[in-house]
Amino acid sequence: MPKTIAAFATPSATSKLGPVSIKRRDPGPRDVEIEILFCGVCHSDLHFARNEWGMTLYPCVPGHEIIGRVTRVGAQVKGFKPGSMAGVGCLVDSCRDCPSCREGLENYCEGGMVLTYGSPDKHGTEPLTCGGYSTSITVDQDFVLRVSDRLDPAAAAPLLCAGITTYSPLRHWRVGKGTRVGVVGLGGLGHMGVKLARAMGAQVVLFTTSPGKAEDARRLGAHEVVISKDASAMEARANSLDFILNTVAAAHDLNPFVNALRRDGTMCLVGAPDRPHPPVQVMPMIFKRRAVAGSLIGGLKQTQEMLDFCAEHGIVSDIERIPMQKINEAYERMLKGDVRYRFVIDLASLRG
Ligand code: NAP
Ligand code: ZN
Ligand code: ZN
């Protein structure tokens with residue numbers, strides 16, 4: 001019998017989130033049931049809840065930075081037992097058969113990946129998958145991550161999206177000792193990008209529109225801070241960086257950042273605004289063989305690698321804990337850039 005649990009959902013793009021009841025399936029032979037302790041608040045939750053990408057089906061229960069404790073496991077489950085800490089990120093299933101899945105890149109599945117929220121629910125317990133703004137979740141073991149007891153569970157929750165989304169491109173573009181890396185935007189993703197790039201040995205320059213964040217940026221690991229609204233400060237950075245990770249959640253002029261790349265440099269966009277950026281000039285790319293690229297979260301194997309890397313280096317998110325009931329306020333503050341640097345929902349607030 002599916003069990004009924006408490007969650008927060010929105011019924012439409014223009015509604016606020018509020019309390020609802022949803023159903024979770026009993027664990028099947030390969031399933032892990034997790035009592036959710038904490039869930040990070042990603043800017044993607046806000047884009048999605050408000051249908052800013054034009055693909056949301058309702059009702060929507062967001063949340064894909066999930067940390068909890070295993071409560072039950074199916075007979076064939078290996079590696080998890082009741083009481084273990086576990087994490088769930090942006091995916092709960094994929095086709096498992098396409099070239100990307102076979103390479104461990106389920107995040108680029110060509111045959112139908114199942115998002116943690118908002119995808120048709122294969123199991124039919126609910127019409128759509130429901131995310132971590134809820135007290136429990138049941139997930140196939142292949143999509144559950146092991147989380148070290150050494151990490152604070154609340155501060156580790158954002159690793160499941162903000163962590164892997166920044167770790168994956170840093171690895172793909174081979175950031176390491178001596179690489180000159182720019183990180184654009186000091187929000188949830190950006191502050192993880194700074195910490196991870198620094199831990200990988202890079203020289204890190206943080207670009208921000210918020211002068212008030214400069215001191216934090218240095219504390220988080222940036223060697224230098226540039227105020228991106230200052231045209232002369234941007235010009236002074238021309239031709240200086242090997243790689244730029246752009247995490248900005250809004251449309252903005254990319255050209256000053258392209259200009260900051262050296263010959264053969266790449267800027268990877270991970271920020272996913274609701275509208276296009278202004279056009280990127282072609283000549284500055286041609287004349288220095290520069291590239292503008294994109295990247296989507298990361299595969300399950302690399303997500304585990306990232307969690308292990310963070311456990312080894314003692315890396316977690318800087319967070320502000322909130323009760324579930326403050327989520328609408330948190331969204332408004334996130335839009336103003338008023339979060340240092342990730343809201344994390346304490347699901348004890350929904351357990352009553
Ligand atoms: P966030 O915490 O709100 O941070 C975004 C940062 O962007 C802000 O802190 C701010 O940094 C900067 N910013 C916001 N509005 C701006 C504007 N109008 N002009 C210039 N800078 C602005 O968001 P997040 O959770 O890190 O997510 C960032 C983006 O990545 C979102 O679009 C999200 O959907 C996307 N995302 C993508 C993936 C993926 O797989 N590609 C995964 C997760 C999230 P400063 O104050 O420092 O300027
Ligand atoms: Zn996310
Ligand atoms: Zn696939």
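Colleague: What volume does the second largest cavity have?
Modeller: About 80 Å³. Keep in mind that this is a predicted model.

Colleague: Which residues line the second largest cavity?
Modeller: Gly89, Cys90, Leu91, Leu145, Leu160, Ile164, Ile297, Gly298, Leu300 and Thr303.

Colleague: And how do the residues of that lining divide by class?
Modeller: Seven are nonpolar and three are polar.

Colleague: What is the volume of the largest cavity?
Modeller: About 240 Å³. It has 19 lining residues. Closest to the centre are Arg25, Asp121, His123, Thr129 and Thr138.

Colleague: Which elements give two or more residues to that lining?
Modeller: Three strands do: β2 (18-24), β6 (91-93) and β8 (136-140). The largest share comes from β8, with four residues.

Colleague: How many charged residues are in the lining of the largest cavity?
Modeller: Eight. The rest of that lining is six nonpolar and five polar residues.

Colleague: Switching to open sites. What is the volume of the second largest pocket?
Modeller: About 160 Å³. The lining is Lys78, Gly79, Phe80, Gln141, Asp142, Val144, Leu145, Arg146, Leu300, Lys301 and Gln304.

Colleague: Which element gives the largest share of that pocket lining?
Modeller: α10, with three residues. Both α10 (300-313) and β9 (145-146) supply at least two.

Colleague: What is the class make-up of that pocket lining?
Modeller: Four nonpolar, three polar and four charged residues. Leu145 and Leu300 are in this pocket lining, and Leu145 and Leu300 also line the second largest cavity.

Colleague: On to the ligand. How many residues surround ligand 1?
Modeller: 28. The closest are Thr208, Thr209, Ser210, Lys213 and Arg342.

Colleague: Which classes make up the shell around ligand 1?
Modeller: There are 13 nonpolar and 13 polar residues, plus two charged ones.

Colleague: Which domains does the shell draw on?
Modeller: Domain 1 (3-161 + 298-351) and domain 2 (163-294). Each gives at least three residues to the shell.

Colleague: And which element gives the most to that shell?
Modeller: α1, with three residues. α1 spans 43-49. α5 (188-199) also supplies at least two shell residues.

Colleague: How much of ligand 1 does the protein bury?
Modeller: 87% of the 920 Å² that ligand 1 exposes when taken alone.

Colleague: Now backbone geometry. Which residues does a cis peptide bond join, with omega about 0°?
Modeller: Tyr58 and Pro59. Pro59 is in the loop between α1 and β4 (66-73).

Colleague: What about the peptide bond from Arg340 to Tyr341, cis or trans?
Modeller: Cis, with omega near -10°. Tyr341 is in the loop between α11 (327-335) and β17 (342-346).

Colleague: Where is Arg289 found?
Modeller: In the loop between α9 (283-286) and β15 (291-294).

Notes: Residues numbered from 1 in each chain as written. Chains lettered and ligands numbered in written order. Predicted model: local features only at pLDDT ≥ 70, side-chain atom pairs only at ≥ 80, totals over all residues. Heavy atoms only, no water. Near = heavy atom within 4 Å. Areas by Shrake-Rupley, 256 points an atom, 1.4 Å probe, with all protein chains shown as cover. Nonpolar A, V, L, I, M, F, W, Y, C, P; charged D, E, K, R; others polar. Domains from an automatic or database assignment. 1 Å grid on protein atoms, 1.4 Å probe; cavity = no way out; pocket = protein on both sides within 12 Å on 5 of 7 lines; lining within 4 Å. Points joined across faces, edges and corners; volume = space filled by probe spheres on them.
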